[in-house]
Amino acid sequence: MKNLRISILLLCLLFTLSTPAVANHLEYDVALRDSILGNILGARISENTVSILRYGAKGDGVKDCRKAFGKAMKEAEKSGGVHIIVPAGEYFMDGPLHLQSNVCIELEEGAVLKFTPDPEKYPIVNTSWEGTYLYNYSPLIYCYRLHDVAIIGKGTIDGNAMSTFATWRPRQKPAQMRSRDMNHSSTDVSKRLFGDGDWLRPHLIQYYECRNITLEGVKIINSPFWCVHLLRSENIICRSLRYDAKLVNNDGIDPESSRNILIEDIYFDNGDDNIAIKSGRDNDGWNASPSENIVIRNCHFKGLHAVVIGSEMSGGVRNVFVEDCDYAGYCKRGIYVKTNPDRGGYVKNLFVNNCCFDEVEDLFYVTSKYAGEGLDSSHFSEIEGIYVNGLSCSKASQAALVLQGTKQKPISNVIFDNVNVGEAKIGVSFSDTKNVLVGECHIGGTVDVPTQVTSKDNIFGR
């Protein structure tokens, strides 16, 4: 009996040691999420309220209103802050709007900021393009090294890019590759000069090295490129935005090397990724800060992909929560993490809870071999700590759950629980992974109790 007890103890110890460590420490980290939310306050909005009409603006769609906004923002310098009210009307902007600290622009219902599509009206500024730092056309709304900046209200921001910027993509390749070569060779940013003849489109709204940001309520349409670019910024609230942005590469929100971000109650309808979390491309990214502490909740997805990490994520991405989200229309992929051995970097602590889609191509797709690039390189990405609890779609025309690691850096410590897929061409495809646990999941339907044996099943009588 004593020897039997010892044998049982040894078997229990062996089972404990062989059980993946992920089961002992990975869970939906509510405490981490709540601590992140406690650090996100957004912009402080001044009580000094003024009407843009006071400074000579006219909502007739003809008069250039940039000078009026410039005068209103000078009020912020004198008084320590200003809350600019823009009444209903169409306000033409014959060039970019460069904001200042302690400024809130409130677009009332029926108010439209409509920007000129003329590229010559946009000066060259310090910015970033697809994860590479360079000088290029100014974003239409540009915030550089500011604090306490807000754009709120029920009005509309119209990039008006249909006739010019939206046509540029077929001509961008030479400049795009030149920018990447400068990235890989660590060319000084001051020498990375792009603009006329390079066809690199500007962002609609960019916050670059900013803190304390609120972007709430407004509708965004006709963007030249990415709609909202959060670059090396922190303490950000994006709330209740509405999109009708279906031009080329109209990503909805792109946090890049930014932290402490709340994205909630957004109605997406975009011609590209709804949310794409990034942290720089290749060499530029390796010296960048990670994107971290991001909570995405109560959003309604429609467009190419719902939530993406990558592919420009060389600085790393960590502590991302996606919860209580659903679909407003078709999405090609639900959750999509993409990187390759050109990128390096890492993705750690991705939490998905209670998210629902209709028909997708792939529901949950993580790849370390994106676009088949960099397979002869050595900057293998580390992806670990993924917890999915409550994810569903009616149909995955390709695959429900995909994990593609590399032999050098397998994807590790992953839990899938409560995943429900009505129909899928491929249910599960895992390669180069370790410590992957699957809980209560139903892909392709739910199996009921087994049928009983009948005479038709009597193989010996055949």
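**Salt bridges and overall form**

1. In this predicted model, a total of 26 salt bridges is counted.

2. Arg 33 and Asp 34 form a salt bridge through their side chains, with an N to O distance of 3.0 Å. Arg 33 is buried, because its relative accessible area of 17% falls under the 20% limit, whereas Asp 34, with 39% relative accessibility, is classed as partly exposed.

3. A salt bridge also joins the side chains of Arg 180 and Glu 130, at 3.2 Å from N to O. This pair connects distant parts of the chain, since Arg 180 belongs to helix 5 (residues 173–184) while Glu 130 sits in the loop between strand 8 (124–129) and strand 9 (132–137), and the two are 50 residues apart. Arg 180 counts as buried at 17% relative accessibility, and Glu 130 is buried with a relative accessible area of 14%.

4. Between Asp 198 and Arg 178 there is a salt bridge whose closest N and O atoms are 2.9 Å apart. Here too distant parts of the chain are linked, with Arg 178 in helix 5 and Asp 198 in the loop between helix 5 and strand 13 (205–208), 20 residues apart. Asp 198 counts as buried, its relative accessibility being 14%, while Arg 178 is partly exposed, with a relative accessible area of 31%.

5. As to overall form, the protein contains six helices and 32 strands. Its radius of gyration is 25 Å, close to the 23 Å given by the globule rule for 462 residues, so the protein is as compact as a globular protein of that length. The C-alpha trace spans about 90 × 50 × 45 Å along its principal axes.

6. Of the 462 residues, 55% count as buried, and among contacts with a separation of 6 or more, 75% are made by residues 24 or more positions apart. The protein exposes about 19,500 Å², of which carbon and sulfur atoms supply 50%.

7. Finally, how many positive and negative side chains does the protein have, and how far apart do the centres of the two sets lie? There are 49 positive and 56 negative side chains, and the two centres lie 3 Å apart.

Key
Residues numbered from 1 in each chain as written. Predicted model: local features only at pLDDT ≥ 70, side-chain atom pairs only at ≥ 80, totals over all residues. Heavy atoms only, no water. Salt bridge = Lys/Arg side-chain N within 4 Å of Asp/Glu carboxyl O. Buried < 20%, exposed > 50% of the residue type's maximum accessible area, 1.4 Å probe, protein only. Helix = DSSP H or I, 4+ residues; strand = E, 2+ residues; numbered from the N terminus. Rg over C-alpha atoms; globule rule 2.2 N^0.38 Å. Contact = heavy atoms within 4.5 Å. Areas by Shrake-Rupley, 256 points an atom, 1.4 Å probe, with all protein chains shown as cover. Lys, Arg positive; Asp, Glu negative; His and termini not counted. Charge placed at Lys NZ, Arg CZ, Asp CG, Glu CD.
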